[in-house]
Amino acid sequence: MGRNAVCLRRKMAAASLASLCRKVSAVLKTSRSLINPQAPAVTGYRFSLKLLAKNTPGVTSLHQHRILHTTLSRKGLEEFFDDPKNWGEEKVKSGASWTCQQLRNKSNVDLHKLWYVLLKERNMLLTLEQEAKRQILPMPSPERLEKVIESMDALDKVVQEREDALRLLQTGQEKARPGAWRKDIFGRIIWHKFKQWPIPWYLNKRYNRKRFFAMPYVERFERLRYEKQARIQARKKNLEKKKAKLLQEKFPHLSEAKKSSVVSDV
């Protein structure tokens with residue numbers, strides 16, 4: 001009786017395992033047909049993905065991947081270094097930097113992806129710059145780093161514009177942190193940012209120690225400060241006029257061509 005019971009249990013376990021395998025195989029076939037409905041159904045859990053072109057140089061085709069793995073293979077520390085094709089080159093071709101006008105046409109998801117692409121490129125170029133300094137060699141095409149920084153600044157500006165527009169639409173506030181224009185003790189007009197306090201303002205000794213006004217004797221120094229700023233601006237204008245006059249004396253043909261173009265426009 002004991003042997004029969006053990007055999008019966010083994011048969012039941014084998015039957016349940018076989019049914020489970022059949023269910024898993026059916027689920028895999030269904031998901032395979034959903035991913036690639038034109039491909040014929042295959043038995044097993046592997047299939048081939050054709051995510052890249054056939055003649056892509058230097059990239060191995062992705063075959064025999066698991067059905068639940070649809071991402072490209074991750075790279076390691078080699079992403080901190082430039083492409084091996086550019087090693088030893090004095091100049092590396094690169095495109096122009098992204099402008100705000102181009103980035104305004106992108107969605108938030110695209111901007112998010114582009115930010116991390118630029119961040120990886122910036123880290124790679126910084127690594128290349130540091131290695132060039134260590135070997136006391138010129139960095140190949142250093143303008144690439146400037147283009148990446150300009151692109152990231154433009155992207156940050158576009159994102160800030162969208163955040164400001166959304167905040168103005170929802171709350172009507174111009175600044176991310178509410179505040180007001182006030183005058184400090186030196187007579188300067190500053191933007192005072194509001195802050196949350198755990199107690200009312202009339203009980204807050206630290207807040208009451210702040211002075212948002214200037215004493216009468218400060219007005220004299222305000223006039224001196226305005227006079228100093230006016231002198232600096234006048235000095236800059238005079239310097240620009242002198243430079244323009246020297247350039248006209250040094251290159252008279254350019255000044256004549258400019259005058260003729262102005263006359264023709266009139």
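## Overall fold

Among contacts in the chain between residues at least 6 apart in sequence, 47% join residues at least 24 apart. The model behind this value is predicted. Its chain holds seven helices and four strands. In sequence order, they run α-β-β-α-α-α-β-β-α-α-α.

The chain has 266 residues, and 14% of them count as buried. Its accessible surface comes to about 23000 Å². Carbon and sulfur atoms account for 59% of that surface.

## The largest nonpolar core

In soluble globular proteins, nonpolar side chains tend to be buried together. Here the largest nonpolar core has 16 residues. Four leucines touch the most other members: Leu103, Leu118, Leu125 and Leu155. The elements that give two or more residues to this core are α2, α3 (108-134) and α4 (143-170). Helix α3 gives the most, with seven residues.

What does leucine 118 contact beyond its neighbours within four places in sequence? The partners are Val148, Ser151, Met152 and Leu155. Leu155 is itself among the core members that touch the most others.

## The loop between α3 and α4

Most residues other than glycine have a negative phi. Isoleucine 136 lies between α3 and α4, and its phi is near 55°. Serine 141 sits in the loop between α3 and α4 as well. Its phi is also positive, at about 50°.

Is isoleucine 136 buried or exposed? Its relative accessible area is 73%, over the 50% cut-off, so isoleucine 136 is exposed. Serine 141 has a relative accessible area of 5%. That is under 20%, so serine 141 counts as buried.

## A nonpolar surface patch

Leu77, Phe80, Phe81 and Trp87 make a nonpolar surface patch of about 480 Å². Phenylalanine 81 is in the loop between β2 (65-66) and α2 (100-103). Tryptophan 87 is placed in the loop between β2 and α2 too.

Tryptophan 87 has 54%, which is over 50%, so tryptophan 87 is exposed.

Proline 140 is 53 residues apart from tryptophan 87 along the chain. The C-alpha atoms of the two residues are separated by 8.9 Å.

## A buried glutamate without a salt bridge

Glutamate 222 belongs to helix α6 (residues 219-250). This residue is buried yet has no salt bridge. Which side chain of opposite charge is nearest to glutamate 222? It is lysine 183, 4.5 Å away.

Leaving aside neighbours within four places in sequence, glutamate 222 is in contact with Phe186, Gly187 and Ala214.

Notes: Residues numbered from 1 in each chain as written. Predicted model: local features only at pLDDT ≥ 70, side-chain atom pairs only at ≥ 80, totals over all residues. Heavy atoms only, no water. Patch = residues over 30% accessible without salt bridge, like charges linked within 9 Å, V, L, I, M, F, W, Y side chains within 5 Å. Areas by Shrake-Rupley, 256 points an atom, 1.4 Å probe, with all protein chains shown as cover. Salt bridge = Lys/Arg side-chain N within 4 Å of Asp/Glu carboxyl O. Buried < 20%, exposed > 50% of the residue type's maximum accessible area, 1.4 Å probe, protein only. Lys, Arg positive; Asp, Glu negative; His and termini not counted. Contact = heavy atoms within 4.5 Å. Core = buried A, V, L, I, M, F, W, Y, C linked by side-chain atoms within 4.5 Å.
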